[in-house]
Amino acid sequence: MDGTIFTPSLEGMKHVKTENGEMLTKPFLEVCKLILPVLDKFGAAMALVKSDIGGNITRLEKKYLTNPGKYELLYSMVNEEVAAKTARGSSSCANGLLWLTRAMDFLVELFRNLLEHKVWSMAQACTESYSKTLKKFHGWLASSSFTVAMKLAPDRKKFMEVITGNGDVNEDIAAFCTTFHPLLIENHKFLASVDLDDMKAS
């Protein structure tokens, strides 16, 4: 592996905005896709998260592909739904972007925990991250499923060895958290501005 498993997504983050600082649909979704191989290394513990992320990427991508020019900017499809009063629907792009962003919040928090808490087990790092991010938006069923899945988290030392490749994994994790987090905050600010950042799982 050239670099670490984070290297492709870090490269992709350089291209997610226009010169005017607007979020681009395709590059943002590509970065999210590039994070999926990291989840594969968690095995069964992240199967639910990966499925959720993949589904939301697909939903947004399908909409984008219906008219790439019209939906070049990430928030354009949400603004269209807001105008049509369909944004709060469970199959809306607004819902997809919100849950994709929340799942990425969880991953950023998880990797931050792995950096800052060297003695924590992987299960503890996952559970703490979940409590800080996704848990408050999940109902009992989703929360219970997640709690069970976290018990399947891999051994931390083996996981770190697998994702290291031939680069400095701690440096790349720090760069991932520092670079990606502001993009996620931007998504939340936009969704809050159109009164959509508070949706919970149905």
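Author: The chain has nine helices and zero strands, where helices (H or I, at least four residues) and strands (E, at least two) are DSSP runs numbered from the N terminus. Read along the sequence, the pattern is therefore α-α-α-α-α-α-α-α-α. This is a predicted model, in which local features need pLDDT of at least 70 and side-chain atom pairs count only at pLDDT 80 or more, while totals for chains, interfaces and linings use all residues. Residues are numbered from 1 along each chain as its sequence is written, and side-chain values use heavy atoms, with hydrogens and water left out.

Before the pairs, here is the chain as a whole. The C-alpha trace spans about 50 × 40 × 25 Å along its principal axes. A compact globule of 202 residues would have a radius of gyration near 17 Å, and the chain agrees because it has 17 Å; the radius is taken over C-alpha atoms, and the globule rule is 2.2 Å times the number of residues to the power 0.38. Of the 202 residues, 46% count as buried, meaning under 20% relative accessible area, with exposed over 50% and partly exposed in between (1.4 Å probe, protein chains only). Among contacts with a separation of 6 or more, 75% are between residues 24 or more positions apart, contact meaning heavy atoms within 4.5 Å.

Now to the packing. Two packed helices are described by the angle between their axes and the distance between the axes. Axes are lines fitted to C-alpha atoms, for helices over the stretch in contact, and angles run from 0 to 180 degrees between N-to-C directions.

Take H6 and H7. The axes of helix H6 (residues 122-132) and H7 come within 9 Å and cross at roughly 160°. That makes H6 roughly antiparallel to H7, since angles under 35 degrees count as roughly parallel, over 145 as roughly antiparallel, 65 to 115 as roughly perpendicular and the rest as oblique. H6 passes H7 in a right-handed crossing; a crossing is left-handed if the near helix is turned anticlockwise from the far one by less than a right angle, and right-handed if clockwise. On the H6 side, Ala-123, Cys-126, Thr-127 and Tyr-130 meet Ala-142, Ser-143, Phe-146 and Met-150 of H7. These contact residues divide into six nonpolar, two polar and no charged. Here Ala, Val, Leu, Ile, Met, Phe, Trp, Tyr, Cys and Pro count as nonpolar, Asp, Glu, Lys and Arg as charged, and the others, Gly among them, as polar.

Ser-143 deserves a separate word. Its place is in helix H7 (residues 140-150), and at 13% relative accessibility Ser-143 counts as buried. Leaving aside neighbours within four places in sequence, Ser-143 is in contact with Tyr-130, Lys-135 and His-138.

The other pair is H2 and H9. Helix H2 (residues 25-40) and helix H9 (residues 169-193) pack at an angle of about 130°, with their axes 13 Å apart. H2 and H9 are therefore oblique to each other, and H2 passes H9 in a left-handed crossing. Phe-28, Val-31, Cys-32 and Ile-35 in H2 meet Phe-176, Phe-180, Leu-184 and Asn-187 in H9. The residues of this contact divide into seven nonpolar, one polar and no charged.
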